[in-house]
Amino acid sequence: MNRIQLALNVDDLQASIDFYSTLFDAQPAKVRPGYANFSIAQPPLKLVLIEQQGQGGSLNHLGVEVDDVDTVDAEQSRLAQRGLATLDERGTTCCYAKQDKFWVEGTPDGERWEVYTVLADSPTFGAAPAEGGPCACCGQAVPVDEGADAAACCPAG
């Protein structure tokens, strides 16, 4: 099933879980420290909540969750043929999941879109990037200093 992903920054994770559980009449599919996601059947939506104090109510990033790596590859090829640049991430850890994905670059207003598939669950929120490399987990595109851990790259709470 392909579905749109909406990742929101929230100030209070539990209050947001309670609200969205009521709004969509659904329970979270995954809850971890500073993070929760819902797999909502109707409307088809992957709702991601990322606890970030002082940023509640703002957009973290957008995405399209697809069924498999072949679909990720096909979408990346389709967009490349139409002139859109992408940043490839394979075997990455983000949002408590190992994923194959890419980020669409050059959106008109700077919003972050990813197209991804989940390969496996992960006990960690993200993986630390290489020294000086960008962190693209959850739409964060910031350089990270040597020795930084995944929390510095992709804060979750």
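Q: How many salt bridges does a search of the whole structure find?
A: This is a predicted model, and everything said here describes that model. Searching the whole of the structure gives eight salt bridges. One of them joins Asp121 to Arg32, where the closest N and O atoms are 3.1 Å apart. Asp121 belongs to strand 8 and Arg32 to strand 2, so this pair ties together parts that lie 89 residues apart in sequence.

Q: Which residue forms a salt bridge with Lys101, and is Lys101 buried or exposed?
A: The partner of Lys101 is Glu114, with the closest N and O atoms 3.0 Å apart. Glu114 lies in strand 8 and Lys101 in strand 7, so the pair ties together parts that are 13 residues apart in sequence. Lys101 is buried, its relative accessible area being 0%, and Glu114 counts as buried too, at 2% relative accessibility.

Q: Which residue forms a salt bridge with Asp88, and which residues are linked in a network of salt bridges?
A: Asp88 is joined to Arg90, and the closest N and O atoms of that pair are 2.9 Å apart. Arg90 counts as partly exposed at 33% relative accessibility, and Asp88 counts as partly exposed at 41%. The network, for its part, links Arg3, Lys46 and Glu65 through salt bridges.

Q: How should I read the sheet, and in what order do its strands come?
A: The general idea is that strands of a sheet pair through backbone hydrogen bonds, either parallel or antiparallel. In this structure eight strands form an open sheet in the order 2-3-4-1-5-8-7-6, and the pairing is mixed. Strand 2, residues 30-32, and strand 6, residues 86-94, stand at the edges with a single partner strand each, so one side of each has no neighbour in the sheet. From one strand to the next, the twist averages 20°.

Q: In which sense, parallel or antiparallel, does strand 8 pair with strand 7 and with strand 5?
A: Strand 7 and strand 8 pair in the antiparallel sense over eight bridges, and within this pairing Trp103 has Glu114 of strand 8 as its bridge partner. Strand 5, residues 59-65, pairs with strand 8 in the parallel sense over four bridges, where the bridge partner of Leu62 is Trp113.

Q: How many bridges join strand 6 and strand 7?
A: These two strands pair over seven bridges in the antiparallel sense, and Cys94 has Ala97 in strand 7 as its bridge partner.

Q: Which strands does helix 1 touch, and which strands does helix 2 lie across?
A: Helix 1, residues 13-24, packs on the sheet and touches strand 1, strand 2, strand 3 and strand 4, and its direction makes about 160° with that of strand 4. Helix 2, residues 69-81, lies across strand 6, strand 7 and strand 8, and runs at about 10° to strand 7.

Q: Where is Asp11 found, and what does its side chain reach?
A: Asp11 sits in the loop between strand 1 and helix 1, and with a relative accessible area of 34% it is partly exposed. The side chain of Asp11 reaches the backbone nitrogen of Gly54 at 2.7 Å and that of Gln55 at 3.4 Å. Leaving aside neighbours within four places in sequence, the residues in contact with Asp11 include Glu51, Gln52 and Gly56.

Q: Which residues does Leu59 touch, apart from those up to four places away in sequence?
A: Leu59, whose place is in strand 5, touches Leu6, Ala7 and Asn9 when those residues are not counted. Leu59 and Leu6 are 53 residues apart along the chain, with 7.9 Å separating their C-alpha atoms. Leu59 itself is partly exposed, with a relative accessible area of 43%.

Terms used: Residues numbered from 1 in each chain as written. Predicted model: local features only at pLDDT ≥ 70, side-chain atom pairs only at ≥ 80, totals over all residues. Heavy atoms only, no water. Pairing = 2+ DSSP bridges. Axes fitted to C-alpha atoms, helices over the stretch in contact; angles between N-to-C directions. Contact = heavy atoms within 4.5 Å. Salt bridge = Lys/Arg side-chain N within 4 Å of Asp/Glu carboxyl O. Buried < 20%, exposed > 50% of the residue type's maximum accessible area, 1.4 Å probe, protein only. Polar contact = N/O pair within 3.5 Å; in protein donor to acceptor, adjacent residues only side chain to side chain.
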